[in-house]
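Colleague: I have a model open and would like to learn how to read it. Could you take me through some of its features?

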Amino acid sequence: MTRRHFLAALAAPAPQRNVLFLAVDDLNTCLSCYGHPLVKTPNIDRIARAGVRFDRAYSQFPFCSPSRTSLLTGLAPDSTRVYNLAKHFRSTVPDVVTLPQLFRNHGYWVGRIGKIYHYGVPGDIGTPGLDDLPSWDYTFNPIGVDKTDEEPRLVNHTPQRKNIGSAITLYPSPHPDEKHTDGIAAAHAVSLLEQHRHHPFFLAVGFYRPHVPWIAPKKYFDLFPLDQIEPLSFEAEEMTIAPPPAYFTKPGNWGMSLEQRKEALQAYYASIAFLDAQVGKVLDALDRLRLTASTTIVFWSDHGYHLGEHGQWMKQALFEPATRIPLLLSGAGVKSRDKVCRGPVEMLDIYPTLADLCGLPPPAKLHGRSLKPLLDHPERGSTHPAVSQVLRGKVMGYSIRTARYRYTLWDGGAAGEELYDYQTDPREFRNLAATSPEKAALRRQLEAIIQARGA
């Protein structure tokens, strides 16, 4: 190569990277790449093996719309002021440039399949929900038999909860994968990859499972015999460890019997196994089309999910199971392979990370930070704390997660506080805020971080 050609190569812009943005609804870390003993997720594990698994990633707000809004705008919930499932962020931050909009503004083809911004499940399946038109060149709203045919057949283990999108509801379906909403979404994603493989793309695929109602083909239920499932033990006293606002599920386990809790776990696991199969179809297409090396893949869930810890189910809590999410990155721009990054990161970090990996100038006021240094050297870990929040009635709770501790304030401390040491208490059974005066200095330090973050 001549000196002129060498200098020209240095000056040439880096080739544009594609983005495959895989969003999942209500998924905790019940994945084999996170060490779950029963749930095998070979396709999701492929992403982890090809890149970096973030072991301690946290949602900003463990509730669907506030969480997704925060990630997609790059702004903390107190800036978007989206705390419920009804408000659209354009009513509060009308000029914000969203993550997909940034890619669209820079010449990418940008498409959405399924649930990326919020819409209610199952009520809004097949509709745009709270979508954002400036974000996309193309949208597709899949709808399958789980919505059109099978809702009347649901078993509801919590009949006092009339909204089936917020109840323990399940059904082993006789229909094949491709008839279900997520199966239709996966097939459409494959089609779009084929259509747009020759042009830089940002393809967002939003899957619905494992959000309730837990409807999946029966073959996935059969993978988890009930005699192999052991629900968490629970004593009513567990719901006195933290202040009253800490608890979403009242009474504990919503009064479900042991057998009902087994069936609930089976249905949740089955929904994850079904989800994994659909993710595999999209990854297979990426490989077949020889796009994997030029595509950054990010896999994320909008928040964690309780499965009986402290008698809690679902989300809307600030304990570890509700705030911790799976987060995987692989493909273009991710140097590491089959590595784990320990230490806290946040969903707010996804926006600046993708902009950094793809060489796009991010908006000036993003609240997260690029994780690219951790993708290059995941062994260095992270010491940057994560902050989550949730609204309980009129009381706001803020929780800070460091590598070792979680400190939570309810109503600025007026409604109580919590402090857990995960080194000695991974199940959050000892609230040190109430029992350990020697931790007062640590509590003041963590409270100052929360206050500095805008609480």
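This is a predicted model: local features need pLDDT of at least 70, side-chain atom pairs count only at pLDDT 80 or more; totals for chains, interfaces and linings use all residues.

Colleague: How many of the residues of strand β1 are buried?

Modeller: Two terms come before the answer. Strands (E, at least two residues) and helices (H or I, at least four) are DSSP runs, numbered from the N terminus. Buried means under 20% relative accessible area, exposed means over 50%, and partly exposed lies in between, with a 1.4 Å probe and protein chains only. In β1 (residues 18-24), 7 of the 7 residues are buried, so the strand is largely enclosed by the rest of the structure.

Colleague: Which residues of β1 are on each side?

Modeller: In a regular strand the side chains alternate between the two faces of the sheet. Here Asn 18, Leu 20, Leu 22 and Val 24 are on one side, with Val 19, Phe 21 and Ala 23 on the other, and all are buried.

Colleague: Which strands are joined to β1 by bridges?

Modeller: Two strands pair if DSSP finds at least two bridges between them. β1 runs parallel to β9 (residues 295-301), with 7 bridges, and parallel to β7, with 5 bridges. Val 19 can be followed in both directions: Val 19 stands opposite Thr 296 in β9, and its bridge partner in β7 is Phe 202.

Colleague: What is the order of the strands in the open sheet of 3 strands?

Modeller: The order is β5-β6-β8, with mixed pairing. β5 (155-156) and β8 (214-217) are the edge strands, each pairing on one side only. Strand β6 (residues 169-173) and β8 run parallel and are joined by 4 bridges; Ser 173 is opposite Pro 217 in β8.

Colleague: How is the length of helix α7 checked?

Modeller: The expected span of a helix is 1.5 Å times one less than its number of residues. For the 16 residues of α7 (residues 181-196) that gives 22 Å, and the end C-alpha atoms are 22 Å apart, which agrees.

Colleague: What do the buried residues of α7 pack against?

Modeller: An α-helix has 3.6 residues a turn, so residues three or four places apart point the same way. The buried residues of α7 include Ala 185, Ala 189, Leu 192 and His 196. Contact means heavy atoms within 4.5 Å, and the buried residues pack against β3 (109-114), β4 (138-140), α6 (145-148), β7 (201-206) and α9.

Colleague: Is Ile 125 buried or exposed?

Modeller: Ile 125 counts as buried, at 3% relative accessibility. This residue lies in the loop between β3 and β4. Leaving out residues up to four places away in sequence, Ile 125 touches several others, among them Tyr 119, Pro 142, Thr 181 and Tyr 208.

Colleague: Where are the cis peptide bonds?

Modeller: One runs from Arg 209 to Pro 210, with omega near 10°. Another joins Val 212 and Pro 213, with omega about -5°.

Colleague: Which residues other than glycine have a positive phi?

Modeller: Asn 253 is one of them, with phi of about 60°; Asn 253 is in the loop between α8 (218-221) and α9. Met 314 has phi near 75° and lies in strand β11 (residues 313-314). Asn 253 is buried, with a relative accessible area of 3%, and Met 314 counts as buried at 2%.

Colleague: What is the volume of the largest pocket?

Modeller: On a 1 Å grid over the protein atoms alone, a pocket is an open set of points with protein on both sides within 12 Å along at least five of seven lines; a cavity is a set where a 1.4 Å probe fits but cannot get out, and lining residues have an atom within 4 Å of a point. Grid points are joined across faces, edges and corners, and a volume is the space filled by probe spheres set on the points. The largest pocket has a volume of about 690 Å³. Its lining has 26 residues, of which Thr 29, Cys 30, His 36, Glu 309 and Pro 321 lie nearest the centre.

Colleague: What is the volume of the largest cavity?

Modeller: The largest cavity has a volume of about 50 Å³. Residues that line this cavity include Ser 65, Arg 68, His 88 and Tyr 117.

Note on methods. Residues are numbered from 1 along each chain as its sequence is written. Side-chain values use heavy atoms; hydrogens and water are left out.
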